[in-house]
Amino acid sequence: MAKDLRTYLKQLNDAEPGGIKLVDTEVSPRFGITAYAAALAEKGDYSALLFDKVEGSELSCVSNLLTSYERIALYLDCEVQDIPRVYGERLQKPIPPVTVEREQATVKEVVIEGGDIDLAKLPIPVHNSLDGGPYLSAGVMIIRDPDTGLINAGIYRHHIFNATDMGVWFLGAHHGGLIYQKYRKQGKPAPIAIAIGHHPGFVMGSVSRVQGIGGEYEAAGGLMGEALELVQADTNDLLVPAHAEIILEGEILPDADHPEGPFGEWPGHYLGGGSVPTIRITRITHRTNAIFQDIVASSREHLVVGGVPRSGSIYQTVKSVVPSLKTVNVPFYSRMNCYISLHKERDADVKKAAFAALNTEPENLRHIVVVDDDIDVFNGEEVAWAIGTRFDAERDLLVIPKWNGPGGLLPTNWEYNKEGKNTPRMSSGAIIDATKPAPPVVFPERAVVPRSHVEMADLPALRDLGDAEKDKWL
Ligand SMILES: Cc1cc2nc3c(=O)[nH]c(=O)nc-3n(C[C@H](O)[C@H](O)[C@H](O)COP(=O)(O)O)c2cc1C
Ligand SMILES: [Mn+2]
């Protein structure tokens with residue numbers, strides 16, 4: 001059976017019993033879905049949520065699915081520490097997709113066309129209090145480059161305008177926007193499809209940094225460990241994932257720009273917006289009992305889904321410059337940071353590694369922290385400890401003025417004033433060298449209890465204080 005959202009849900013349910021929670025009371029798509037995730041997050045609980053009854057829709061909705069590194073490690077079949085290496089290696093071994101007949105394509109089980117199309121019947125949430133409306137936040141938009149014929153895929157936010165129309169917001173040099181501009185220059189509509197709900201390897205393949213236009217289907221195959229099955233779209237010449245939960249087909253209109261936003265974005269503020277092109281949906285196909293997949297843009301899930309692919313690419317480039325690299329982490333709690341651990345052989349290793357990382361992800365990275373290989377970069381406390389103990393700002397801080405921007409989604413890339421008019425600006429990058437000096441300099445040893453003795457501690461024998469002890473001491 002081909003891998004899809006459902007095979008992953010089963011894998012997760014088996015590996016992490018209780019990791020998927022069912023909400024079978026009716027919720028409103030307006031804040032009702034995000035309210036559950038927010039209430040759980042306040043308790044430090046990031047369970048996946050399956051909403052069975054969303055007001056106004058017959059479909060269910062899954063949210064909060066990919067909220068932890070463990071859930072990524074599950075489908076990559078590796079340890080958390082090894083995610084960047086394994087992810088990078090899988091991207092280096094892309095697997096070409098295969099095409100199946102319509103009869104085999106589960107996404108064609110239900111077809112909605114013409115006047116029956118109504119986006120309000122999909123459980124598309126309004127996420128945060130000031131959002132301008134419902135947003136499709138985890139749809140993978142597929143578009144063909146008219147010059148080369150190559151198919152490109154990526155996730156772009158879609159503000160729902162009415163029953164058939166939605167916006168599309170492209171950042172900077174993302175291929176989706178570059179391809180759309182080619183159609184627009186010719187005054188032609190751009191045929192597109194949007195896939196909603198699939199295996200995490202497909203979702204993350206589509207947001208991986210693949211060189212050149214196209215290649216995301218192949219990257220998805222590499223991550224899934226099998227060829228992605230595609231099927232011919234009904235209304236245009238695109239090939240779309242045959243086992244997505246839902247496919248929207250339509251076109252980006254060349255001459256119907258529309259205001260969009262506000263929208264709570266991954267840096268946790270309302271960012272982006274302005275006038276964007278309109279997509280008109282002309283057909284919907286979906287599986288029986290389709291599960292709509294949502295990723296709350298301002299939540300941990302977005303940061304895991306967006307950050308892990310970057311860690312994979314950064315691992316590959318840094319490793320080629322500094323072979324003694326141990327691992328890297330673009331942490332889910334601050335995706336503008338990147339933590340790199342390495343076995344320092346010479347002092348120059350630090351800056352070589354940091355610049356390689358910055359150049360792999362120039363859009364979002366601002367702060368590179370380099371630590372020694374005794375520091376676990378997946379543990380923010382350890383990284384903070386290394387900064388506190390091995391970093392001297394005067395000597396070990398390198399500021400790179402005007403590194404990011406201008407504008408975009410980083411709040412620091414804007415100048416704010418009391419009139420409320422924002423002007424795009426550049427903001428700086430920084431390299432924080434929190435490593436010990438390179439050999440032969442001798443630095444104090446880290447204080448630890450001998451490992452062999454830690455392992456001898458008889459933990460199962462521990463018990464609470466009994467009456468005898470209470471009488472004795474309390
Ligand atoms: C949940 C999620 C939402 C995203 N939203 C947007 C978006 O609104 N606009 C955008 O340009 N990129 C967005 N991205 C990033 C792109 O999908 C990503 O950089 C992708 O690799 C771009 O592919 P492309 O260069 O082929 O267009 C998002 C990523 C994730 C994980
Ligand atoms: Mn691309």
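Q: Is helix α4 mostly buried or exposed, and why call it enclosed?
A: Seven of the 10 residues of α4 are buried, so the helix is largely enclosed by the rest of the structure. Buried means that 20 or more other C-beta atoms lie within 10 Å of the residue's own; exposed means 12 or fewer, partly exposed is in between, and C-beta atoms are placed from the backbone. Helices (H or I, at least four residues) and strands (E, at least two) are DSSP runs, numbered from the N terminus.

Q: Where do these coordinates come from?
A: This is a predicted model: local features need pLDDT of at least 70, side-chain atom pairs count only at pLDDT 80 or more, and totals for chains, interfaces and linings use all residues. Residues are numbered from 1 along each chain as its sequence is written, while chains are lettered from A and ligands numbered from 1 in the order in which they are written.

Q: Back to α4. Which residues are the buried ones?
A: They are I83, P84, R85, Y87, G88, R90 and L91.

Q: What do they pack against?
A: The buried residues of α4 pack against α3 (69-76), α7, α8 and β19 (325-329). Contact here means C-beta atoms, placed from the backbone, within 7 Å.

Q: You mentioned α7. How many of its residues are buried?
A: Eight of the nine residues of α7 (residues 216-224) are buried, so α7 is largely enclosed too. The buried set is E216, Y217, A219, A220, G221, G222, L223 and M224.

Q: What covers them?
A: The cover includes α4 (83-92), β8 and α6 (200-206).

Q: And what follows α7?
A: G225 does, and its phi is positive, near 80°.

Q: New topic: sheets. What is the order of the open sheet of three strands?
A: The order is β4-β12-β13, with mixed pairing. β4 (98-99) and β13 (239-241) stand at the edges with a single partner strand each, so one side of each is left without a neighbour in the sheet. Two strands pair if DSSP finds at least two bridges between them.

Q: Do the pairs run parallel or antiparallel?
A: There is one of each. β4 and β12 pair in the parallel sense over two bridges, and V98 has E229 in β12 as its bridge partner. β12 (residues 229-232) and β13 are antiparallel, with three bridges. There, Q232 is partnered by L239 in β13.

Q: How many residues sit between β12 and β13?
A: Six, and the two strands form a hairpin.

Q: What about β3? Which strands does it pair with?
A: β2 (residues 48-51) pairs with β3 (residues 60-63) in the antiparallel sense over three bridges. F51 stands opposite C61 in β3. β3 also runs parallel to β18 (residues 291-293), joined by three bridges. S60 has I291 in β18 as its bridge partner.

Q: What does S298 touch?
A: Leaving out residues up to four places away in sequence, S298 touches H127, N128, G264, E265, W266 and G268.

Q: Now the ligand. Which residues come nearest to ligand 1?
A: Of the 18 residues around ligand 1, these are G154, R157, L171, H174 and H175. A residue is near a molecule or strand if its C-beta atom, placed from the backbone, lies within 6 Å of it.

Q: Which elements supply that shell?
A: β8 (151-155), α5 (175-185) and α8 (300-321) each give at least two residues.

Q: What classes are in the shell?
A: Nine nonpolar, eight polar and one charged. Ala, Val, Leu, Ile, Met, Phe, Trp, Tyr, Cys and Pro count as nonpolar; Asp, Glu, Lys and Arg as charged; the others, Gly among them, as polar.

Q: Last one: which domains are assigned?
A: Domain 1 (80-295) and domain 2 (322-451), with bounds from an automatic or database domain assignment. The contact takes 12 residues from domain 1 and nine residues from domain 2. The C-alpha centres of the two domains lie 32 Å apart.

Technical notes:
Two residues are in contact if their C-beta atoms, placed from the backbone, lie within 7 Å.
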